[in-house]
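Hello,

Here is the structure I promised to pass on to you. Please have a look at it first, and then read my notes below.

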Amino acid sequence: MHKKIRHTDIQDQHADIMIRDLHKSFGANSVLKGVNLDVFRGENVVVLGRSGTGKSVLIKIIAGLLKPDSGTVIVLDKNVPELDDKELLQLRLKIGFSFQSSALYDSMTVKENLEFPLLRNSRNLTKAAINTHVEEALDAVGLQQTIHQYPSELSGGQRKRIGIARTLIMRPLIMLYDEPTAGLDPVTSVEINNLINEVQERYNTSSIIITHDLTCAKATGDRVAILLDGSFIRTGRFEEVFATRDERITSFYEYNFID
Amino acid sequence: MGKKIPFFYNNLFKIYGTFLGLQQVFMKSNPPRTYIISQKLDAFFSDVYAIMNFIGRFFRELGPPYEWREIIRQCYMVGWKSLPLISVTSFVVGIVFTKQSRPSLSEFGATSWLPSLVAIAIFRALAPLVTALIAAGKVGSNIGAELGSMRVTEQIDAMEVSATNPFKFLVVSRVLATSCMLPVLMFYMAFISMLGAYLNILVNEDTSFSAFFIKALDKITFLDLFSSLIKTIVFGFSIGIIGCYQGYHATQGTQGVGRAANFAVVTSMFVVFIEEIIAVQITNWFR
């Protein structure tokens with residue numbers, strides 16, 4: 001799929017996400033040790049790293065689900081760790097978070113899942129307007145037929161798509177994807193990759209995509225950042241990052257079996 | 001003076017909790033961790049502090065806007081879905097209690113007191129306590145498991161990042177539902193138990209339905225009904241808040257969900273017994 005925005009086009013743009021010297025540890029286990037990252041408007045940044053390197057922790061800190069030990073996390077000009085509950089709620093209206101497990105509400109139908117954030121954040125919307133928003137979001141992920149189904153009746157790929165649709169319904173400026181292709185077959189993974197790119201083009205979102213799937217990284221990332229031992233060891237375009245003999249990076253390539 | 005005791009304990013827990021927090025900060029650079037008193041006691045006080053914070057947050061989040069749809073759904077789950085179990089249990093309790101009491105009373109030739117005795121026992125103690133224990137088992141475990149499962153599958157996180165308040169939606173609605181529905185279930189249980197008692201009496205004596213109820217309710221005072229009502233509201237609140245607390249803070253995957261459900265039941269039952277003892281003492285002061 002052709003990528004409209006490239007690293008060179010966006011360097012001089014405003015950074016929607018700016019992370020400086022971020023540290024986070026759990027007990028004696030130091031996970032993030034001085035992470036720095038910029039994500040510019042309309043850019044997809046893929047964070048690659050092995051399991052347990054703190055990739056998911058990073059985006060949970062950006063979404064305000066976890067508090068960092070130190071460092072600044074500026075999201076849309078607001079320092080997330082310093083926000084109170086009310087300010088965090090306002091900021092989250094502009095952030096979409098696609099969870100690894102999809103995190104759909106089991107007790108609700110697809111329609112109710114999609115309505116959930118709308119009903120609580122846009123209380124002046126009419127029922128007809130809510131229905132229109134739901135249909136548009138389902139249309140964006142191509143799953144209109146599942147509207148009355150429960151999450152347990154959907155396949156893994158469908159659940160991921162509905163999870164993304166639920167975040168799109170609030171028209172976010174920033175999208176955070178946690179392992180979007182994990183546990184999916186290659187065909188469905190390609191569909192999800194295409195969907196991530198479509199979301200970027202359609203809504204001009206700035207995104208961080210957490211993955212260890214190089215196919216996903218290559219297909220969706222304007223830039224790739226490799227997280228190892230608590231900090232980014234290399235950042236740049238996919239081809240640039242992997243044009244190295246550094247074994248820590250080439251080992252990713254060898255075990256992912258991509259061309 | 002009476003008002004100063006909870007205030008004192010509240011602050012004691014706060015100080016202890018803050019101290020534990022500070023200790024964690026210092027311990028980061030100086031592992032391994034040492035404990036203020038002992039590991040288990042530290043953990044106990046930390047839990048008490050966390051539960052008090054949780055209860056405090058419940059009252060802070062209690063204001064509007066309300067999640068009416070979810071509250072009604074939870075009332076249906078707590079009330080309507082518990083009816084079959086409550087019906088069977090209360091009917092059996094009524095029959096068994098009457099049957100077991102009859103021989104003792106007949107020794108003194110006082111079987112005519114049986115309806116009053118049964119009514120007093122049911123309204124003052126059996127109905128509130130048995131309803132609360134059934135609810136702790138059925139509703140408490142359900143809440144603990146449901147919220148625990150939502151926690152470990154990141155559904156609660158998903159609510160947070162979609163700029164909604166999961167505490168209000170999940171916790172406040174459930175605690176309100178248990179607090180409101182338990183008194184209703186208690187009065188229903190009392191009625192069905194009395195029916196069971198009447199059936200047992202009818203087998204042995206020729207008593208009319210109205211005569212039985214007039215005699216039974218003759219000894220029931222406003223204080224009996226009022227204390228049972230307040231007691232079951234407190235039981236309902238405790239069962240709801242403990243179930244929610246255990247589920248909301250579940251960790252470690254499916255094992256954590258099971259543990260949350262189990263702790264919700266065990267802790268709720270224990271707290272219900274403690275509250276029953278306190279309630280009996282307080283009620284007796286007014287008799």
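Over all chains, a search of the whole structure, which is a predicted model, turns up 19 salt bridges (a side-chain nitrogen of Lys or Arg within 4 Å of a carboxyl oxygen of Asp or Glu). As background, side chains of opposite charge can pair when their charged atoms come close.

One of these in chain A joins the side chains of A:E136 and A:R171, at 2.9 Å from N to O. The two residues sit in distant parts of the chain, 35 residues apart: A:E136 is in helix α5 (residues 127-141) of chain A, and A:R171 is in the loop between α6 (156-168) and β7 (174-178) of chain A. Helices (H or I, at least four residues) and strands (E, at least two) are DSSP runs, numbered from the N terminus. A:E136 is partly exposed, at 35% relative accessible area, and A:R171 is partly exposed at 41%. Here buried means under 20% relative accessible area, exposed over 50%, and partly exposed in between (1.4 Å probe, protein chains only).

In chain B, B:R124 and B:D224 form a salt bridge with their closest N and O atoms 2.8 Å apart. That pair links helix α5 (residues 114-152) of chain B, which holds B:R124, to helix α9 of chain B, which holds B:D224, across 100 residues. B:R124 is partly exposed at 31%, whereas B:D224 is buried at 0%. Another pair is B:K231 and B:E276, at 3.3 Å between the closest N and O atoms. B:K231 lies in helix α9 of chain B and B:E276 in helix α10 (residues 253-286) of chain B, so this bridge ties together parts 45 residues apart in sequence. Both B:K231 and B:E276 are buried. There is also a network in which salt bridges with shared partners join B:E70, B:R73, B:E146 and B:R174.

How many salt bridges cross the interface of chain B and chain A? The rule finds four, and B:E160 with A:R92 is a salt bridge at 3.7 Å, N to O. Chain B brings 17 residues to the contact and chain A 25, where contact means heavy atoms within 4.5 Å. The area buried between the two chains is about 1,900 Å², with 55% of it from carbon and sulfur atoms; buried area is the accessible area (1.4 Å probe) that two parts lose on being put together, summed over both. On the chain B side, B:E154, B:V161 and B:A163 lose the most area to chain A, together 31% of what that side buries.

Within chain A, A:D16 is in strand β1 (residues 15-26) and is buried, at 1% relative accessibility. Leaving aside neighbours within four places in sequence, its contacts include A:V39, A:F40 and A:S206.

A word on confidence: the mean pLDDT (the predictor's confidence in each residue, from 0 to 100) is 87 for chain A and 88 for chain B. In chain B, helix α1 (residues 4-29) has the lowest mean, 55, and helix α9 (residues 222-248) the highest, 96.

Finally, some conventions. Residues are numbered from 1 along each chain as its sequence is written, and chains are lettered from A and ligands numbered from 1 in the order in which they are written. In this predicted model local features need pLDDT of at least 70 and side-chain atom pairs count only at pLDDT 80 or more, while totals for chains, interfaces and linings use all residues, and side-chain values use heavy atoms, with hydrogens and water left out.

Best wishes
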